[in-house]
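Thanks for asking me to look this one over. Here are my notes, meant to be read beside the model.

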Amino acid sequence: MPIISDVQLGKDIRSSKIENCYFLYGRERYNVEKAVQALIHKVTKGEEDGFGIDRFDDKVTVSDINNAVCAVSLFSGDKCVVVRDFGISQCTDEEIALLLETVKASALESVLIFYYAETQPELKNAKVKKVLDGFEKHGVIACFEPKDAVSQRRQVQEICKKQKVSIDAAGADALVARFAEDGFHLRNETEKMIAFALGRSEENAVITAADVDMMCANTVENTVFDLTNAILGGNHRKVFGLLERLFEQQVEGLSITGALTLSFTDLYRARLALDSGISAKQTATDFSYPAKREFVVARSFARAERYSARQLRQCFSVLAETTSFLMGSKTDERLLIERMMARMLMIMAETKR
């Protein structure tokens, strides 16, 4: 089967035209993950958290993938094996041969999905090309690239409409202009703007171009928001990429630790409130959040659900220790910050709540 577009893939999924295996990649990470979830939902008939699915990350071995694909599910007639960000180019020739056998062995009862979200496959690598040939022969390959500005504006407006928030073309275009090359970031910023608008007025929530200019400026705070997400998600490459951007802007180490401390304070409060059954609205009141920042609480609740209070406390300890060193140590500031990031990434890599 030839390589198809992401649009065609969406049509096939909706019409229940499911193939034996899939290889999905591209810069539109949000749409890649959305397609993966749609495939899982279709294959498992809505039982995404059941026994009919095996999920693997880039640490998995080819042998593990093969065993999962070939194993017969005792609990579900349809099985889905999902592999994220697998480093094909690092495989041995023997592993490539086994991977090709695995792709060939995939059947309707065991749909194999390879997808790339945080990294991208090395398409020019000989081993990757060989595996792609196998997926093309036995299944589907789809590439997700950023849409044109008109399509992206429509996507932003649809996301807002679902949340009963109004945004005009100028506001949507202002968002697209900033994040056109990163669909995942575009969606994150759109959701941030939605939370801001709802916090200002639930009955008449509106996003204007002026709001976008104010909230999405390239400030240290906004970069640290992305940095916090990258730490929580264990995305080493993005963490140190954003850190490099801050260093290039000559942002002081204390400004970085200060902004991160504020961000993790919001997360820790949200985690404790969730554990105590306290609502986001009550939390905002209890901690005297200004009305224009109440959206931060709602956003923190959504992010904190996946992490334990212990993990967040440990991150606080690392932040406090680094801040102390920055104020009184002669150690290179950059080294201290990079060491702090590495330690926080290790903490968040622990088993999630």
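The points below cover aromatic pairs, salt bridges and a charged patch.

1. A word on the basis: this is a predicted model, with local features needing pLDDT of at least 70 and side-chain atom pairs counting only at pLDDT 80 or more, while totals for chains, interfaces and linings use all residues. Residues are numbered from 1 along each chain as its sequence is written, and side-chain values use heavy atoms, leaving out hydrogens and water.

2. The model holds seven aromatic pairs (ring centres of Phe, Tyr or Trp, the latter by its six-membered ring, within 6.5 Å; planes under 30 degrees apart are stacked, over 60 edge-to-face, the rest tilted). One of them joins Phe 23 and Phe 114, stacked at 6.5 Å centre to centre with 20° between the planes. Phe 23 sits in strand β2 (residues 21-25) and Phe 114 in strand β5 (residues 110-115), so this pair ties together parts 91 residues apart in sequence. Helices (H or I, at least four residues) and strands (E, at least two) are DSSP runs numbered from the N terminus.

3. Phe 23 is buried at 0% relative accessible area, and Phe 114 is also buried at 0% (buried is under 20%, exposed over 50%, partly exposed in between, with a 1.4 Å probe and protein chains only). Phe 23 also pairs edge-to-face with Phe 135, at 5.3 Å between centres and 65° between planes. Phe 23, Tyr 25, Phe 86, Phe 114, Tyr 116 and Phe 135 make up one aromatic cluster.

4. Twelve salt bridges are present (a side-chain nitrogen of Lys or Arg within 4 Å of a carboxyl oxygen of Asp or Glu). Among them, Glu 189 and Lys 192 have their closest N and O atoms 2.9 Å apart. These two residues are three apart in helix α8 (residues 183-200), about one helical turn. Glu 189 is buried at 2%, and Lys 192 is buried at 3%.

5. Asp 211 and Arg 200 meet in a salt bridge at 2.7 Å, N to O. Here helix α9 (residues 209-215) supplies Asp 211 and helix α8 supplies Arg 200, eleven residues apart. Asp 211 is buried at 8%, whereas Arg 200 is partly exposed at 45%.

6. Arg 334 and Glu 338 form a salt bridge at 3.0 Å, N to O, and lie four residues apart in helix α16 (residues 333-348). Do also look at Glu 33, Arg 84 and Asp 85, which are linked in a network of salt bridges.
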